Each structure stands twice: as structure tokens, then as C-alpha cells.
Amino acid sequence: RSLEGLKTFSYLEELILDNNLLGNDLLLPRLPHLHTLMLNKNQITELESLLDHLAEVAPSLRYLSLLGNMACPNELVCKEKDEDDYQRYRYFVLHKLRNLKFLDTRKVTRREREEALVRGAFMKVVKPK
């Protein structure tokens, strides 16, 4: 559950952290060469703060996967979620991380990138209080 030792690997390019009980307190050190990050099946529920953090500490990120987290709304984590919910999530992620080439299991399309630029900021999923 601790990522403390990562700071010594500043040239790290790929990092797979699947199934590690990582939550919203996830803090990565600055990893300027990191291009692939897998965070599948953890306990991440807050998407925007994670994306802001990743944009800051991993500017070279091109491949990201968040499947199996509550922050990634799809049928894997919630039966009430559908493809429209997932697509809105994709637009929001692409709005925040504009250099991604792959998100979860799918390549980012030109149409998705264009839609993210226009409407991605408005696709944020807000939880009722």
C-alpha cells in the first residue's frame, strides 16, 4: 500500500499497481518518464484529484488504466452504470490528460479527443451530498 520507494526510480517508464488497495490518498513522486500506469482494481473513488495529480507528476503519461475502481464508472464496479456513463468518464479523463493514447482497454480516437476538448470539462461526475 506504500509507494514510498518509488522516488528513487525517477527514470521509471512503466508502473503496474493493480490490486494494491490504493485509495484517494495515492501520491506518486515526480516521474517525468512514466508513460504507462495501471491502477486497476484498487479503491480509488475521486477521479478529478487523481487526474490533477497525474498531470503534475507524470507529464509523459500516454497509457492509463483505472478499471475496477469506483472512479471508473462501468459494469465492472456498478451494475447501474452503462456505456454512456463510461463514455462521459473517458471525455473527462481526456480533458484532464490530453496526451493519453490509450485509456483502460481502448485506444483514444480522434473524435473522443475533439469531444473532450469541447465538452470534457462538463463531464465531471458529481456525487450527491
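**View 1. Two aromatic pairs occur in the structure.** The model is predicted. Tyr63 is partly exposed, at 30% relative accessibility. Phe102 is also partly exposed, with a relative accessible area of 31%.

**View 2. Tyr86 and Tyr89 form a tilted pair.** The centres of these two rings are 5.3 Å apart. The planes stand at 35°, so the pair counts as tilted. Both residues sit in helix α2, three residues apart. About one helical turn therefore separates Tyr86 from Tyr89. Both tyrosines are buried.

**View 3. Helix α2 packs against helix α3 (residues 110-119).** Two packed helices are described by the angle between their axes and the distance between the axes. For α2 and α3, the angle is about 75° and the axes are 8 Å apart. The two helices are therefore roughly perpendicular to each other; angles of 65 to 115 degrees fall in that class. On the α2 side, the meeting residues are Gln87, Arg90, Tyr91, Leu94 and His95. On the α3 side, they are Arg111, Glu112, Glu115 and Ala116.

**View 4. Buried residues line one face of helix α1.** Helix α1 spans residues 47-57. Its buried residues are Leu47, Leu50, Leu51, His53, Leu54 and Val57. What covers them includes strand β2, strand β3 (63-65) and helix α2 (83-96).

**View 5. Thr36 is a buried residue of strand β2.** The strand covers residues 36-38. Thr36 has a relative accessible area of 11%, and the cut-off for buried is under 20%. The side chains of Thr36 and His35 are joined by a polar contact of 2.8 Å. Leaving aside residues up to four places away in sequence, Thr36 touches Glu13, Glu14, Leu15, Leu61 and Tyr63.

Methods. Residues are numbered from 1 along each chain as its sequence is written. This is a predicted model: local features need pLDDT of at least 70, side-chain atom pairs count only at pLDDT 80 or more; totals for chains, interfaces and linings use all residues. Side-chain values use heavy atoms; hydrogens and water are left out. Helices (H or I, at least four residues) and strands (E, at least two) are DSSP runs, numbered from the N terminus. Buried means under 20% relative accessible area, exposed over 50%, partly exposed in between (1.4 Å probe, protein chains only). A polar contact is a pair of N or O atoms within 3.5 Å; within protein, one must be able to donate a hydrogen and the other to accept it, and residues adjacent in sequence count only if both atoms are side-chain atoms. Contact means heavy atoms within 4.5 Å. The arc is that of the directions from the helix axis to the C-beta atoms. Rings of Phe, Tyr and Trp (its six-membered ring) pair if their centres lie within 6.5 Å; planes under 30 degrees apart count as stacked, over 60 as edge-to-face and the rest as tilted. Axes are lines fitted to C-alpha atoms, for helices over the stretch in contact, and angles run from 0 to 180 degrees between N-to-C directions. Angles under 35 degrees count as roughly parallel, over 145 as roughly antiparallel, 65 to 115 as roughly perpendicular and the rest as oblique.
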